[in-house]
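Here's a quick tour of a chain you can follow on screen. Have the sequence and the 3D view open as you read.

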Amino acid sequence: MLWFILRRCGSAVLVLFLSSVLIFLGIRALPGDPASVMAGQEASPAAIEAIRKEFGLDKPLPAQYLDYVGQTLTGNFGRSTQDQLPVADILAERLPVTLELSLLAMLVAIVVGVGAGIVAAVRRGRFADYVATGFGLAGLSVPHFWLGLLGILLFAVTWRVLPASGYVPFTEDPAANLQRMILPALVLGTGFAAILMRQTRSAMLGALSADYVRTARSKGLSEVKVVGAHALRNSLTTVVTVLGLQLGALISGAVVTEQIFVIPGFGKLTVDAVLTRNYPVIQAVVLVTVIGYVLVNLLVDIAYAFLNPRIRLSGGSRD
């Protein structure tokens, strides 16, 4: 078990190193001169050269990369070119907003998707199965931006039960915060729930036809214990896999959702930074996203070891 975790941690560190190199080179491969962008259109050559020296842009690429890694390890992501605020402070302000939205969307997806998948598998070929399958197809087909606009039209304009946009920090007013986050979480979690439903249904159908389930039924166990304690438990590996892989999709989907509902989160920060060519913010946003994605997949790999004893004993891979 310990050797398995150490191997996964080593792989995660390697992925982070390669990602940092790609991010560093990718930002510098963008068209245009970062120093000219920071200085402004009417800046003099002397001012542009001073900015180069201040940010170390006059150094060779290997030296710039070492400075970049050293600053990043200390939590220093530089300063925003728009307002000169520390990028770390901007991330600390925006990241919790997107994490809250993603967690609420994931909660919606787990409750709706896993529940519908279990019902569809247990009631295979019946009306409930057709309804759940239709929901999954609709959730995969409808884009987030259209669903968000439709939700605003129905819940905010027509029925007036939820706010159309805006954000209130949870620490200031928990009720107002949840009231404004319900609709974005439903919009963002719908597509994720559809994917979870289809994967859960497929895994449950395979588990329900397995020999150990037939043995459990022959022993006289109730259907609830057969489905919950045997079939669902052995299907969780697939569910955990989808949860880990789709977290990146949740973050990317939050870009559109936050723009529609005017939520000052990570996604909106990314769009604004790209439009204004705010290189330090873009670099920090991409790096933090990669770190989060790698950490989630590392936790998924470790969860495998607890869900599947064969992995824990052999220290093997997920295959």
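## The cavity

The largest share of the lining of the largest cavity, four residues, comes from H8. Helices here are DSSP runs (H or I, at least four residues) numbered from the N terminus, while strands are E runs of at least two. The model is predicted: local features need pLDDT of at least 70, side-chain atom pairs count only at pLDDT 80 or more, and totals for chains, interfaces and linings use all residues. Residues are numbered from 1 along each chain as its sequence is written, and side-chain values use heavy atoms, with hydrogens and water left out.

A cavity is a set of points, on a 1 Å grid over the protein atoms alone, where a 1.4 Å probe fits but cannot get out; lining residues have an atom within 4 Å of a point. Points join across faces, edges and corners, and a volume is the space filled by probe spheres set on them. The count comes to one cavity of 30 Å³ or more, and the largest has a volume of about 50 Å³. Its lining includes Gln179, Arg180, Leu183, Pro184 and Phe261.

## Cores and Phe261

Phe261 also turns up in the largest nonpolar core: of its 38 residues, Phe192, Leu196, Met204, Leu250 and Phe261 touch the most other members. Such a core is a set of buried Ala, Val, Leu, Ile, Met, Phe, Trp, Tyr and Cys residues joined through side-chain atoms within 4.5 Å. Buried means under 20% relative accessible area, exposed over 50% and partly exposed in between (1.4 Å probe, protein chains only). Helices H5 (87–122), H7 (144–158), H8, H9 (211–218) and H10 (223–261) each give two or more residues to this core.

Leaving aside residues up to four places away in sequence, Phe261 touches Gly148, Ile152 and Leu183, among others; contact means heavy atoms within 4.5 Å.

H7 has 15 residues and reaches 20 Å from first C-alpha to last, close to the 21 Å expected (1.5 Å times one less than its number of residues). Its buried residues are Gly148, Gly151, Ile152 and Ala156. Arg160, with a positive phi near 55°, follows H7.

Asn177 sits in H8 (residues 174–208). Is Asn177 buried or exposed? Asn177 is buried, with a relative accessible area of 0%. Beyond residues up to four places away in sequence, Asn177 touches Glu100, Tyr167, Val168, Pro169 and Phe170.

Definitions and conventions
1 Å grid on protein atoms, 1.4 Å probe; cavity = no way out; pocket = protein on both sides within 12 Å on 5 of 7 lines; lining within 4 Å.
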